[in-house]
Amino acid sequence: MSNKIIKRIYVRGILTLLSPLLLGSGEDENSDIDLLRDWEGRSFIPGSALAGVLRHYLGEILHSKDIDIVEEVFGRKPQKDQDSTQSLIYFYDAEIKNQPQIQIRDGVEIDNLTKTAKEKGKYDYEVLEARNTFEFRTELIIREKHNASLKKIENLLYLMLDALKNEKIRIGGKTRRGFGKVKLEDIKLLILDMNEPEDRNKWIDFNWDFEGNSDIGVLNHNELGIKDIPVTTIKVKFSLPYSLIIKHYSAAPEVEDMEHLFSASKPVIPGTSWTGALRHAMENIGREIGKEKEIKDLIEKLFGYVDEESKKAKASRIYIEESIIKNEVSVSYTRNKVDRFTGGVVEGALFEERPVFNNGDTEVHLNIHIKEGEDAEIGLLLLAMRDLWYGIQTIGGDANIGRGILEGKELIVNKTKINLENREDKKYLKALAEYLGS
């Protein structure tokens with residue numbers, strides 16, 4: 001078959017950030033991890049990042065018999081018995097459409113035993129805040145030699161666009177901790193049949209400011225087999241009885257020395273903070289019941305790990321979303337730093353902070369997704385959740401003065417409401433006990 005081009009499909013749309021985006025550049029001019037920027041200093045999402053995450057997504061959801069079509073579309077590296085092939089699909093860099101909303105967030109490595117910051121464990125990083133928007137553009141070129149697999153190629157494009165449209169794709173770093181969630185909106189699809197003179201003329205005069213002539217539903221989308229990957233969803237609703245602060249520091253003299261973390265003008269609890277609190281509760285459970293090694297193994301199966309010595313790593317299977325604190329009130333006030341040993345005031349250590357407080361009906365919603373979760377793993381997570389539920393495990397800073405205490409109100413596992421006080425989680429706790437051999 002010839003290399004003659006028989007069809008061109010152009011797609012454009014608006015890619016909106018639903019959560020913060022971390023795309024590191026390797027530079028550290030503004031923070032320890034600066035955002036990727038173009039030569040004009042504007043943030044963007046490289047086409048290679050879009051191609052990489054979408055190719056990975058397709059590799060996860062398709063049955064092995066259909067993986068060849070992924071290589072046909074994205075290109076194949078040279079193998080012993082095969083030549084390399086060119087990609088049929090081109091992802092353009094996604095240029096930011098608005099004035100970039102950038103935030104510097106703080107990170108700190110915590111000692112799980114003492115619950116204090118490790119020495120030199122402080123770092124910061126830039127993120128693009130939620131609601132930033134980008135121009136999404138992709139082009140698919142189909143040649144005569146691909147005619148036999150045309151329907152599958154279209155199906156692959158449909159799956160990618162459907163995933164972006166329905167919030168299934170995450171881009172950048174810390175995606176399993178709530179970052180990089182995107183949604184493709186205002187999708188316009190232009191399909192050109194290069195055998196038709198009219199469409200060839202459209203291509204000659206082509207520019208990206210087109211209105212489109214099709215909907216993604218016209219693409220073939222019943223040709224490929226999709227895996228049924230079970231995902232356990234856990235939703236928890238908390239109230240905030242007192243106050244809470246996820247510390248965000250500012251160098252501006254006109255504002256407080258530290259305030260609660262806001263994202264897109266809303267107070268949030270990041271997925272990293274939830275992760276730290278839940279892991280700490282799990283490790284405490286392991287120590288209390290004398291099963292530290294077994295609990296550590298379960299934690300690593302859930303949250304992943306990196307072993308620098310053996311050069312082994314395992315990705316996290318648990319996704320923890322960033323939570324918005326609703327109906328809160330933030331209040332600024334001045335405090336003195338107290339010496340923990342003498343109990344006296346530290347000289348010159350006056351500072352201002354702005355935590356969030358209960359406003360009568362303040363709520364926090366926690367959403368967790370576990371890919372292929374086992375009952376024992378869910379049991380450990382629910383056992384740790386009890387510590388948050390009853391205020392035993394705090395979240396955020398200043399726990400020593402009563403901050404970060406939550407009160408559980410509702411817990412749902414896979415659409416089934418579970419009453420922890422009536423021990424309706426015993427199915428999962430029994431599985432955990434069996435796993436631990438007790």
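Strand E9 (residues 231-239) and strand E24 (residues 407-413) form an antiparallel pair over six bridges, where strands are DSSP runs (E) of at least two residues, numbered from the N terminus, and pairing requires at least two DSSP bridges. Within E24, Glu 410 stands opposite Lys 237. The model is predicted: local features need pLDDT of at least 70 and side-chain atom pairs count only at pLDDT 80 or more, while totals for chains, interfaces and linings use all residues. Residues are numbered from 1 along each chain as its sequence is written, and side-chain values use heavy atoms, with hydrogens and water left out.

E24 also pairs in the antiparallel sense with strand E25 (residues 416-417), over two bridges; here Ile 412 has Lys 417 of E25 as its bridge partner. Two residues lie between the strands of this hairpin, in which Asn 414 takes a positive phi near 50°.

Turning to the helices (DSSP runs of H or I, at least four residues), the axes of H6 (residues 292-303) and H7 (residues 375-389) come within 10 Å and cross at roughly 100°. Axes are lines fitted to C-alpha atoms over the stretch in contact, with angles from 0 to 180 degrees between N-to-C directions. H6 and H7 are therefore roughly perpendicular, a term for angles of 65 to 115 degrees. Their contact (heavy atoms within 4.5 Å) involves Ile 295, Leu 298, Ile 299, Lys 301 and Leu 302 of H6 and Ala 376, Glu 377 and Leu 380 of H7.

Ile 45, leaving aside neighbours within four places in sequence, is in contact with residues including Leu 15, Leu 50 and Phe 134.

Key
Parallel < 35°, antiparallel > 145°, perpendicular 65-115°, else oblique.
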